[in-house]
Every structure is written in structure tokens, then in C-alpha cells.
Amino acid sequence: MGLLSRLFGEPLPEPLRVSLAEDEHVLAVAPTGAGGHVAVTALGLWLPEGTGVRRVGWHLISKAVWKGDALTVTEADEARTAGRAVLLADREPVRHVLPKPGKIPQLVRRRVEGSIRQRYRKELDGGGAWFVVRKVPGSDTSVLQVRPDPGADTDVLASIAEEAAAKLAGGAP
């Protein structure tokens, strides 16, 4: 490794460099075993996708687990809105082998946990849900997210979430 590489790090991979927002800075980057790159910024986790990369906001990462030499990420989709709340649906977990992870595991854990402001578990007949208030990266706002258990009544949860989000915002349902 040359002196400049030690001082400034390796240059960013082109797909990542051209995809970053104007003031977005990479905190850590690591190559994957499949040839892509995983990167951490304040706005989210950059994951390989095809020949490029895409950013997943910290508030949309349901779970990130580091085990052995791999980071397994469970991303959530915003499946439905309920007033100011959002019901989430988890995607299938995706495993990224990182032979030289550097700071990636620690930064991912810190950022995912740091996005959580409050959490509450609600049990209902047929399945409950986690109600989680999370900070939206790059903004001063938070959002109430509801992650239903399989089989939970999403209409009932949406009604509860809409009322709860209105109370959190200081308004009436």
C-alpha cells in the first residue's frame, strides 16, 4: 500500500462515487466477495445492485447481522401508509460477504440503532407488531413505523398506528 493510499484511503469505486448525493461523505467502504462494494454514509447503507449500487436509508433497515465474514441485511419496504405512520414489509435478507470489512460492522450497528428514537411492542389476537419511531436520515423528521408479525391484522394495526402518529405529532387523529 502506497503512502497516499495509507493517508487518504483507496479511491472510491466509480459506481459509488457517481451515485453519492452532493454533500454525502463515505465513512467506510469494503469490497464484497462478489465484486461489488458496501459503503456507509450518514444517509444510509450503500449496497451492490447489478453493476451499480443503491442506498438504503437507515430507517429502512429492519435488521443487520454480522456473522463470520458476512453482513446480512433485512431491508423494509413502506407497504402502506396510515395517516403519518407507515406499515413496513420486510424483504428477504441479503447476505454480503466482506473479506476485509474494516469499520463496516460497527458503523452499521451504530447507525441502525441510532436511527431508533422509541420502540414499543403491541400484542393483538392473531399477531402483534413493533411500533418504532425512527429518524429519517438527512432530515430533522421522524416517522412512526409499524412492523407487523406474520398473520397480524394490518387494518387494525393501521388504525392504531394512525391514531398513535397523530398523538405523537401533537394533533388529533
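What follows is a chat about the nonpolar cores and salt bridges of a predicted model.

Student: Let's start inside. Which residues touch the most other members of the largest nonpolar core?

Tutor: Those are L45, L71, I104 and V108, out of 21 residues in that core. Keep in mind that the model is predicted.

Student: And which elements each supply at least two residues of this core?

Tutor: On the strand side you have β1 (26–31), β2 (37–41), β3 (44–49), β6 (70–82) and β7 (85–90), and then there's helix α3 (104–114). The top contributor is α3, with four residues.

Student: What is L45 in contact with, leaving aside its neighbours within four places in sequence?

Tutor: Quite a list: V38, A39, V40, R54, R55, V56, W58, I61, L71, V73 and V108. L71 and V108 also belong, with L45, to the group that touches the most other core members.

Student: Which residues does the second core include?

Tutor: L87, V146, A158 and A165 are among them; that core is separate and has 13 residues.

Student: OK, switching to charges. How many salt bridges are there?

Tutor: The count comes to 13. One of them joins E24 and R55, at 2.7 Å from N to O.

Student: Where do E24 and R55 sit?

Tutor: E24 is in the loop between α2 (14–19) and β1, while R55 is in strand β4 (residues 52–57), so the bridge links distant parts of the chain, 31 residues apart.

Student: Are they buried or exposed?

Tutor: One of each sort, roughly: E24 is buried, at 7% relative accessible area, whereas R55 counts as partly exposed at 35%.

Student: What about R91, which residue does it form a salt bridge with?

Tutor: D77, with the closest N and O atoms 2.9 Å apart. R91 lies in the loop between β7 and β8 (94–97) and D77 in strand β6, so the pair ties together parts 14 residues apart in sequence. R91 is partly exposed at 34%, and D77 counts as partly exposed at 32%.

Student: Which residues are linked with those two in a network?

Tutor: E49, R54 and E75 join D77 and R91 in a network of salt bridges. R54 is also one of the residues in contact with L45.

Student: Last one: which residue does D155 meet in a salt bridge?

Tutor: R80, at 3.0 Å from N to O. D155 is in helix α4 (residues 154–168) and R80 in strand β6, 75 residues apart. R80 is partly exposed, with a relative accessible area of 33%.

Definitions and conventions
Residues are numbered from 1 along each chain as its sequence is written. This is a predicted model: local features need pLDDT of at least 70, side-chain atom pairs count only at pLDDT 80 or more; totals for chains, interfaces and linings use all residues. Side-chain values use heavy atoms; hydrogens and water are left out. A nonpolar core is a set of buried Ala, Val, Leu, Ile, Met, Phe, Trp, Tyr and Cys residues joined through side-chain atoms within 4.5 Å. Buried means under 20% relative accessible area, exposed over 50%, partly exposed in between (1.4 Å probe, protein chains only). Contact means heavy atoms within 4.5 Å. A salt bridge is a side-chain nitrogen of Lys or Arg within 4 Å of a carboxyl oxygen of Asp or Glu.
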